[in-house]
4 protein chains.
Amino acid sequence: MKEHCGLFGIYKHADAARLTYFGLYAQQHRGQEGAGIVTWDGSKMRDKVSPGLVHDIFNEQDLSTKLVGDTAIGHVRYGSGPSSAAAARESEPFLVRRNGLQLAIAHNGAILNGRQLRKELENQGAIFYSSTDSELFAHLIVRNLDKMGLEESIRAACAKVIGAYSIVILANDVLIALRDPLGVRPLCLGKLGNSPVIASETCAFDLLEAEFIRFVRPGEILVIKGFEESCMQSYPIMQNPSAQACNPDWQGTAHCIFELVYFARPDSTIFNQNVYMARKNMGIALAKEAPVEADLVMPFPDSGVYCAVGYAQASGLPYEHALIRNHYVGRTFIQPTQDMRDFSVRVKLNPVQNVIKGKRIVIVDDSIVRGTTMRIRVKKLRELGAKEIHCRISCPPVRHPCFYGVDFASRGELIASKYSKEEVAKSLGLDSLHHLSLEGMLSSVVSSGFCLACFDGKYPIPTGA
Amino acid sequence: MKEHCGLFGIYKHADAARLTYFGLYAQQHRGQEGAGIVTWDGSKMRDKVSPGLVHDIFNEQDLSTKLVGDTAIGHVRYGSGPSSAAAARESEPFLVRRNGLQLAIAHNGAILNGRQLRKELENQGAIFYSSTDSELFAHLIVRNLDKMGLEESIRAACAKVIGAYSIVILANDVLIALRDPLGVRPLCLGKLGNSPVIASETCAFDLLEAEFIRFVRPGEILVIKGFEESCMQSYPIMQNPSAQACNPDWQGTAHCIFELVYFARPDSTIFNQNVYMARKNMGIALAKEAPVEADLVMPFPDSGVYCAVGYAQASGLPYEHALIRNHYVGRTFIQPTQDMRDFSVRVKLNPVQNVIKGKRIVIVDDSIVRGTTMRIRVKKLRELGAKEIHCRISCPPVRHPCFYGVDFASRGELIASKYSKEEVAKSLGLDSLHHLSLEGMLSSVVSSGFCLACFDGKYPIPTGA
Amino acid sequence: MKEHCGLFGIYKHADAARLTYFGLYAQQHRGQEGAGIVTWDGSKMRDKVSPGLVHDIFNEQDLSTKLVGDTAIGHVRYGSGPSSAAAARESEPFLVRRNGLQLAIAHNGAILNGRQLRKELENQGAIFYSSTDSELFAHLIVRNLDKMGLEESIRAACAKVIGAYSIVILANDVLIALRDPLGVRPLCLGKLGNSPVIASETCAFDLLEAEFIRFVRPGEILVIKGFEESCMQSYPIMQNPSAQACNPDWQGTAHCIFELVYFARPDSTIFNQNVYMARKNMGIALAKEAPVEADLVMPFPDSGVYCAVGYAQASGLPYEHALIRNHYVGRTFIQPTQDMRDFSVRVKLNPVQNVIKGKRIVIVDDSIVRGTTMRIRVKKLRELGAKEIHCRISCPPVRHPCFYGVDFASRGELIASKYSKEEVAKSLGLDSLHHLSLEGMLSSVVSSGFCLACFDGKYPIPTGA
Amino acid sequence: MKEHCGLFGIYKHADAARLTYFGLYAQQHRGQEGAGIVTWDGSKMRDKVSPGLVHDIFNEQDLSTKLVGDTAIGHVRYGSGPSSAAAARESEPFLVRRNGLQLAIAHNGAILNGRQLRKELENQGAIFYSSTDSELFAHLIVRNLDKMGLEESIRAACAKVIGAYSIVILANDVLIALRDPLGVRPLCLGKLGNSPVIASETCAFDLLEAEFIRFVRPGEILVIKGFEESCMQSYPIMQNPSAQACNPDWQGTAHCIFELVYFARPDSTIFNQNVYMARKNMGIALAKEAPVEADLVMPFPDSGVYCAVGYAQASGLPYEHALIRNHYVGRTFIQPTQDMRDFSVRVKLNPVQNVIKGKRIVIVDDSIVRGTTMRIRVKKLRELGAKEIHCRISCPPVRHPCFYGVDFASRGELIASKYSKEEVAKSLGLDSLHHLSLEGMLSSVVSSGFCLACFDGKYPIPTGA
């Protein structure tokens, strides 16, 4: 299962459900298909899990009278299609009720040997309700629980899986946060008053005015049983030996650089790197790598804005915000009329002719997801009188699929990369096109230890599973 | 888990989902807490399962574009409270997706050794998503599937459980209906055109204009793989030996007589017995056992109507329909004002003073569920001028709990039976009270082989589990 | 405009909006298309008016925080179709805000010279927002307000209109109830604690446990400005002279007898007559007029029940309740499949074959609204084995249109009356058919002064307008 | 009534309702409280008018089966509070049905002598359903209709009113667009295929890919009865004499300059002026008037973006987009916890510390609506390490109320202007504050003839009314 999701957890706070709500709300950009909150009310777990957006799923009554308890975890789920019947079944956290222990699990990442592990478990009699990796983890943990106890069962589960995973677990009143040995997806630890909080991105802490403490470390299982330092214990994940064997020379972490390029919110800091600054630096690097004589720089909002800001500053070209966004565009649409061509492209963003007419333009964006959208926009800019149109992309062309949670195939990026730069530029109607080089990209970020497999095909975690 | 639910299934019909919708709709009285439909679309299962009423859950789009496929099963779920967060998790059919085989299971009844079986399974590594018996069955079936095949796995599962169960299963495109060895809950086989249909009650067949064929036999596993007789094979359930051992002298079936007294729709035929006629005969028997000099007979609608009709005919007293029902009473209420006493009793039924004033009245009902409601109604009738109020109940007092799916405790009937007839009559403000005798009740039905445990304490299935 | 609606009003009670809600709730049978409540909050009017059922329109928040104030009126609106866009515009009470005075008006009845009055008013510059008679009244009242004051303006308005009307008005904190000179539609005065209450039917008082005081008199304008008798003043309506001129020999009132036959709730008392008793007496009269050798009497629920009870008692034939109602039938339907013929007739009521087979049956109902429904039911009963089917209707055939609020045309009754008794019986598949005679009907009710125009064509109010 | 709304109209197009839907959708920023569409179906008008956002009010069924017809008008309504009960009553277009003629009217602006005209009309017997100016216009038009005909009645109505108004009218199948003599609010004429279209702003044309033809002229009543030029006739509005008398020396138009500063979408062209360019020029002028030694320029999104772009270009300072918007902020909120101070300010925009820390910042915005928001933001920026914070506002301080449709009082701007520049800067925690001068503002726009009353107190239309 390909998953790109957001996690949240909070330990012993009187407003646990409400703060989880806002923690998810701040991370809604990480998943719009579904959301869920599970609380521990002192004797059992309460949950509400549903397809939809956070502010549509939960109401005041849920937070004040149903999701009672002082410890909670939450999840926002990413998905491509409109909310489907299946989405109900796939929403997380996944909740298991046993006699002595209740477990709620929420996951961000992708387990590569999930199919094989499911088959193994099924052969041992397991049945699966959903296709989530959270349910898979629940099975793996539960089967050792009686003999090993909670912490060691989690370690044993992690030793079985191969893949990218950041996970929060609520085990009765114990809050656990863990991250795969390579730290592919982000996970952060903060503090609100005395209460430890966990989130995928620091922007959740900002909204709650929680203090950022540190990142959950790659390969760390952080078990929170109390407020004091001494009650927060770390256990090392034992990497699955076949994972390690496959990549003997991979050193250190494998942070997903696409989190910086595209996924994360610009106001977040993840992988020791502020996202805004990373994107701006990519724009600066782009301007150095591929300068162009032009009249203005404009982003494709919103994702291209920060890179365009950097390009403008480094190139000395004026920044223009010339595509106007309709802020009322919702999820479901009335069908346009038959002759309203390219409607879906047009409805969200409208270009300002007065800025564009007679001008040589540099467009900056973070990716050419689908050639079609870019092609339509370029054509429109020509109609409005643009004299030249140059495009600058803030990362190298995506040439290899991601197996760790980014669905490039459905985003259309792999298709765009089948052709040469010149072919793509021509096909899109561009006067020039440049993708930031790998070196340029890496020079834009302060941290290191990134997974670049989508660009260079060097996979840190075996994908044959 | 106490369950009193409704089942439906249809095999290879172009309108499978729609007919399942209507089959559930006709059986909505068997469960208002939740409903679900699962279809087999030729390569995978589609499902929609949700808390709520059938007509609120499914819309035209669900039936025409989502729940595609020609074979389907459905379930309506009984529950006491208002639709809760938990209800989402407990709704059925329960669906398991495996590589080669997908299983959807819907259940009506109560498994007595469920807790113990769950513990056993959990010890073997199983995890449970819900507390439904359907999930338990899914586990029991799946664990033998590879070595035994579908039919034998179902037999093996049945041999493990002790309890009352009527079940429909969809296994890819195979439709299966089965009933516990004592046939506690009803299950019927019909035919719509060429398509076999399954339902808890025949009233579902009437709505669809399907033809009634026969009852699924106690202890029968009916496997439907085609239209012809030869494609519908029966397998015998092997009773759990500890179940049998416990009741060596129990002979034949143990049909729940409360289905006839209260649960089933009067237009249904179950256990070889039309429900309307059974209730009317109980009224006739009551009139013989406990005649009274009075001016009129009136039912507490709707359940008392058919019994009152019988009492009136046998006694020669006039039948009056003197409690008027508000047909717009919904599930959720605006709170009444503080001084609107007894509002919830009053809002559904309002007595007609002109019929009651100065009269000696015989009230006929099927049970004294909660003394409070009866007490309030009797008091109101006195205020309206009733001279005498006699109450006749169409079954003996409930003195023992039901372990097979009737929640007498929450219905309050056990409490009422702690006192003598005279004490209860006095407490309720009645001039006289009579419960139909066991003999009178049994003489009212044409069939035999009933479970009477709630009246006489003789349990056909061991309850110690 | 043809209107058959329900009215409610309450004066100075702390729970005014909530009690109005329940007053409308009890009268929901008088109109399901829309509802509205207007309150006076001490300085201005608050309102919520919408298409739909009472319990769908208002929520707890509306009643506790929006519709504040201690004096209120409400309305339920009758309409034939499903809730349409237009319904929003036509819902009542109609509210007019002027500087010094705010007026809310709710109406039950039909103004015959409405079209002409609208034209007159339009010629004087008036514009109309809706097609309600309430808005027409608002215009007629307002134009004299400055020179005549409130009471006289209302009198002057009444003197202009020709028709049937029961009306409640809220004029700031003054509550007014009025009824046309012939008293066509019902209107009742009651008391809840010290607070005067107004309702179309007494069943609203029963739910609130309000005390019935008296009927608002035909031709009375009752103005309520305080709790004491002295603050409740009556003003006589001056009948429109052309109305009177047209019917010089009409004496007394013209109560709509169809309220007793069909519209009102059986537990209500209107026109000095309990509705249940009237219907039962009609059944008794029917049994005398048209006895038949048969095995049983059964009603078409719910409207035929009370008449069937009377018929059974008078004829000595057993009463059977052999058509079973599905209590979960909602307003909107999933479409049945193509071969589900007569589905809409079948879905609400299902006959019990065991009661019917081999029997000679007397069906009792209050009307043959559409031949089609009856024909389908009769055919079904034949299929189930009925030997003879006789039909008895509790009123004479409707031969003339009603201009005072009953939409016989859309109910299909006029069509049925174009044919002879024998033709209708044959067309419907009946062995015999009898409509209660006019004399029989009148002998069934204790009061007198009824409008019988739909039966005898003698219109008490000129219809040429 | 203060109104700031959006209008749309389309003449004889097969998809009239759907295109009106999208025309309103593109102008949703002009009003979020309610919306409505009225169509002429060839014999009568169809309408749906409701509180809420365009995409919540209308569904596919409304557009395809209910709002049939080929000519339509629509309206989006501006309001401050959450959707209230009253909003239903105030939504437009206002619709009047008369025998021969049906009129639907939608209005943007403010009638100054509305109260007086209402009183006059009420004295003549008129009653008012709502407090909209559209209803007032309906009254004024209707009362002359019979003797004057449509066009002259509209002219006569306009001659009565004093105020700012842009209006679209549908009179059966005739589409009319008109604008007050001073042209305070915008209104544009376009063409889609052969069909004339009307909109408040050209951004609606862009979405539909309609061609812009010209602005409706100040003082023009444009009557559209056919596709050809000859079927589109213009009638001059006769200004109300008392309006003219009051301002003998006012020359030309009085375009609301706030449309350019704040209201209109940046991609629209109104008053012969592209909005984006106007805002950018204001930023350029600001940079000249009030330069400051700083490290970066950042806008308060979204309204400050375009001005900040200009300021950055003119000053040579880098542009940073350092306040990150949460795109999922909806209209209704879960309450934050008690200690989440300033939550409502924080939830929409989060500053990026890495951009801000240690920097001298120039904030650019279009107004200081409420000091509180600015004060909180400035405080936050200080906490994040900003060394200096300078604020530049793209228009002069608002010192006088607007009577023509801008609700400065509720926006809080008048309050802010009671103090000196230095006082305000100090109170907000700013190192410096500068408002663009009147001259600077006027030099930023290519057109002339603006109303500047909110800045200089010179009212072009008498406000004493």
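Okay, let's start with the aromatics: over all chains, the count comes to 68 aromatic pairs. Keep in mind that this is a predicted model.

Here's one to look at. Tyr129(A) and Phe94(B) have ring centres 5.6 Å apart, and their planes sit at 35°, so we call the pair tilted, since that angle falls between the 30 degrees for stacked and the 60 for edge-to-face. And where do Tyr129(A) and Phe94(B) sit? This pair crosses between chains: Tyr129(A) is in the loop between helix 5 (114–123) and helix 6 (133–148) of chain A, while Phe94(B) belongs to strand 5 (residues 94–97) of chain B. Buried or exposed, Tyr129(A)? Buried, at 13% relative accessibility. Phe94(B) is buried as well, at 4%.

Next pair, this time inside chain A. The rings of Tyr404(A) and Tyr459(A) have centres 6.3 Å apart with planes at 85°, so that one's edge-to-face. It links distant parts of the chain, with the two residues 55 apart. Tyr404(A) is in the loop between strand 21 (388–393) and helix 16 (408–411), and Tyr459(A) comes in the segment after helix 20 (453–456). Tyr404(A) is buried with a relative accessible area of 1%, and Tyr459(A) is buried too, at 17%, because the cut-off is under 20%.

While we're on rings, there are a couple of charges to point out. Arg377(A) lies over the face of Phe300(A), 5.6 Å from the ring centre. Over in chain C, the charged end of Arg377(C) sits over the ring of Phe300(C), again with 5.6 Å to the centre.

Now let's move to chains A and D. One aromatic cluster brings together Tyr21(A), Phe22(A), Tyr25(A) and Phe58(A) with Phe343(D). How many residues does the contact take from each chain? It's 61 from chain A and 61 from chain D. Between them the two chains bury about 5,200 Å², and 58% of that is on carbon and sulfur atoms. On the chain A side, Tyr25(A), Tyr328(A) and Ile334(A) supply 15% of the area buried against chain D, more than any other three residues. So, Tyr25(A) turns up both in that trio and in the cluster.

Key: Residues numbered from 1 in each chain as written. Chains lettered and ligands numbered in written order. Predicted model: local features only at pLDDT ≥ 70, side-chain atom pairs only at ≥ 80, totals over all residues. Heavy atoms only, no water. Phe/Tyr/Trp six-rings, centres within 6.5 Å; stacked < 30°, edge-to-face > 60°. Helix = DSSP H or I, 4+ residues; strand = E, 2+ residues; numbered from the N terminus. Buried < 20%, exposed > 50% of the residue type's maximum accessible area, 1.4 Å probe, protein only. Lys NZ or Arg CZ within 6 Å of the ring centre and 35° of its normal. Contact = heavy atoms within 4.5 Å. Buried area = accessible area lost by both parts, 1.4 Å probe.
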